[in-house]
Amino acid sequence: MPNIVLFSGSSHHDLSQKVADRLGLELGKVITKKFSNQETCVEIGESVRGEDVYIIQSGCGEINDNLMELLIMINACKIASSSRVTAVIPCFPYARQDKKDKSRAPISAKLVANMLGFFDIAVDNLYAEPAVLQWIRENIPEWKNCIIVSPDAGGAKRVTSIADRLNVEFALIHKERKKANEVDRMVLVGDVKDRVAILVDDMADTCGTICHAADKLISAGAIKVYAILTHGIFSGPAISRINNAPFEAVVVTNTIPQEEKMKQCPKIQVIDIAMILAEAIRRTHNGESVSYLFSHVPLFRQLLLWPNDAPPLAAGRRLRMGAANPHVRQQIHQNARRKENFQVVFRKFLEIYENLTIEGKTDDELDLSNHKDCKTSKSVFRECSLPAVSSSGPTQAELLEWGQVTVQRLQLLSTVCRNSSLWNLTHTPLRKFVLDRIFVCDKHKILFCQTPKVGNTQWKKVLIVLNGKFSKVEDIPENVVHDHERNGLPRLSSMSDAEIMERLNTYFKFFIVRDPFERLISAFKDKFVENPRFEPWYKHSIAPAIIRKYRKNHRDPPGNAGLHFEDFVRYLGDEQGRKHLDHQFGEHIIHWLTYAELCAPCDVSYNVIGHHETLEQDAPYILRAAGIENLVSYPSIPKGITRYNRTKVEHYFSGISKRDMRRLYSCYQGDFSLFGYHRPDFLLD
């Protein structure tokens, strides 16, 4: 297979560099200049014979010059015997002139398409919609109370698609123009009162339309207005208009350079589409389907075509385990010769696994046991020559077995995260609430996400010892563990954006899960029945509020005082209706929120997910994978205490109606699916 060669035109070098970085490539050498008579000259500075060439050139800036430059670069590569040339055009030039709207008007978009051979070659049109949806979910806290608005009738299809994906309503504005770039009047169709209005359009030039639309929406009762645009041209008076308009933010993709515009207007924010372009290039090169990108943003931050240490010869080849990819095998042998410890080898194995998953394969294709030269993950670890294991710790065979289990868990997580039907149950914006749950150990580069009712107290003790606050876990008083001002455990949210990203990208990250329904029972017993830490607000504030709203007869006689498990289940199963109470309860709800809401496992690349049911086996392996097994021990676990107790689950749910149990399951289905817990058919059917 030919190698990829990636060239950048003059229009948007920054975007081209980001795409190259995500592919692990260097941009090809190309020189562009002009002769004295203003003719464009292009010189390709390296051989492209037999190569798969991609040229990134956007329709912005000096559009006519950049278009001509693109055509010349394509021709130069073709006559230099490249095997294929693909133009990557983030913003198509002359796209607005796509129809004959008056007498003697040209269809310039068709002319440009013909010049590029548009109608005679394969073409893939990429969409910003998946990235827009992700931005809305992550950056607009009130997005579930939003309404998607089209500033003209022509964008109705666009906004209905986004509204359907978000499960919200839409509206549109009918506009009448006297002439180009001037709007005469606007008529709003739809109710935006007391809602967050999100204007969505394909591009904005002088911004007269969207600014008039924003004023119209505010006058119609919208509480906030955002504008999200695929292409931000921002010519003429656009910047001053945006600065004076009632926008919370004007969001654009970086198909057009925006650095200078952002300096002039703080309301402008940018969605980076480099990962979409990079993945489209990778899939096109490998002959894979690109349609996945029409509805998804690539999951991983960096899309490697080959291992980091592999020579350029590996460019563009799909990563295979064992002899199918000699560069992986060579890398493994080098690791063995260096006698790397288990921690490094384990992380390298996960890195190889991530490279496999970015190809968007099915579960069977991702199963490492199906690879010809890698019958199980054990062979990878054996090739890495694990160091001798002490007699007191897990044996090498046990470590190898656990490595396979860990990869299978991460493989399942990745598959479910890509399931669009469960998206609302599995994806959580990476905002302050999630960062508050993640504790940091800078000394040993560890991040631990707190998931209450799964043995978190003991893991927090481990981190407290590692941070040097106490010498042994046995010396830590229980009241100190949960006092975050005294236990010396910083939260990730307390750090700067740059510090947060550095830690998320480089630290060892893990959290623990448990059967979702058994965890809810534990939370109910701990907070509303036994309450061993004497937290009166659960019984005296939270319980009465739930009873008033969810008990069928909240005026029961005194003998029935206190929160019943049935009340608790009704409250948890009312996903929409309980929001006001959750806001009132504040952070106390962390004890029954889903793992997806607490730790954002589809948006943070965790290294290990431990299971409460196998904690006796998982704990020593997690310590070893994090490289801290000789520094601290996990507290002893009473035998059998973490085992799943079906009898207890059946007992607690025995008085619950099928309707209430099914509503509860629908709210926690994401957790069941992400972490491999079976649907509790014995309760639901």
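With which side chain does the side chain of D574 make a polar contact? The partner is the side chain of Y550, at 2.8 Å. The legends below start from the whole chain and then move to close-ups.

This is a predicted model, in which local features need pLDDT of at least 70, side-chain atom pairs count only at pLDDT 80 or more, and totals for chains, interfaces and linings use all residues. Residues are numbered from 1 along each chain as its sequence is written, and side-chain values use heavy atoms, with hydrogens and water left out.

**Figure 1. Overview of the protein.** The secondary structure comes to 28 helices and 16 strands. Both are DSSP runs numbered from the N terminus (helices are H or I, at least four residues; strands are E, at least two). Of the 685 residues, 52% are buried. Buried means under 20% relative accessible area, exposed over 50%, and partly exposed in between (1.4 Å probe, protein chains only). The accessible surface is about 31500 Å², and 50% of that surface belongs to carbon and sulfur atoms. Areas come from the Shrake-Rupley method with a 1.4 Å probe; for residues, only the protein chains shown count as cover. Among contacts between residues at least 6 apart in sequence, 68% join residues at least 24 apart. A contact means heavy atoms within 4.5 Å.

**Figure 2. The crossing of helix 20 and helix 27.** Helix 20 spans residues 516-530 and helix 27 spans residues 658-674. Their axes come within 10 Å and cross at roughly 110 degrees. Helix 20 is therefore roughly perpendicular to helix 27. Axes are lines fitted to C-alpha atoms, for helices over the stretch in contact, with angles from 0 to 180 degrees between N-to-C directions. Angles of 65 to 115 degrees count as roughly perpendicular, under 35 as roughly parallel, over 145 as roughly antiparallel, and the rest as oblique. Helix 20 contributes P516, F517 and L520. Helix 27 meets them with M661, L664, Y665, Y668, D671 and F672. By class, this contact has 8 nonpolar, no polar and 1 charged residues. Ala, Val, Leu, Ile, Met, Phe, Trp, Tyr, Cys and Pro count as nonpolar, Asp, Glu, Lys and Arg as charged, and the others, Gly among them, as polar.

**Figure 3. D574 in the loop between helix 22 and helix 23.** The loop joins helix 22 (565-573) to helix 23 (579-585). D574 counts as buried because its relative accessibility is 16%. Its side chain makes the polar contact with the side chain of Y550 at 2.8 Å. A polar contact is a pair of N or O atoms within 3.5 Å; within protein, one must be able to donate a hydrogen and the other to accept it, and residues adjacent in sequence count only if both atoms are side-chain atoms. A polar atom of the D574 side chain also lies 3.1 Å from the backbone nitrogen of G577. Not counting residues up to four places away in sequence, D574 touches K549, Y550 and R663.

**Figure 4. R578 in the loop between helix 22 and helix 23**. R578 is buried, with a relative accessible area of 7%. Its side chain makes a polar contact with the side chain of D582 at 2.8 Å. Residues up to four places away in sequence aside, R578 touches K549, Y550, Y571, L572, W592, L593 and Y668.

**Figure 5. I609 in strand 16.** The strand covers residues 608-611. I609 is buried at a relative accessible area of 3%. Its C-alpha atom is separated by 5.4 Å from that of F511, 98 residues apart along the chain. Beyond four places in sequence, I609 touches R409, L410, L413, F511, V513 and F675.

**Figure 6. Helix 25 and the glycine that follows.** Helix 25 (residues 615-625) is mostly covered, with 8 of its 11 residues buried. These are L615, D618, A619, Y621, I622, L623, R624 and A625. G627 follows the helix, with a positive phi near 80 degrees.

**Figure 7. V440 in strand 13.** The strand runs over residues 438-441. V440 counts as buried, at 0% relative accessibility. Leaving aside neighbours within four places in sequence, V440 is in contact with I446, L447, N467, P490, R491, L492, M495, R503 and Y507.

**Figure 8. Positive phi at R104.** R104 is a residue other than glycine with a positive phi, near 65 degrees. R104 sits in the loop between strand 5 (84-88) and helix 3 (108-116). R104 is exposed, with a relative accessible area of 75%.
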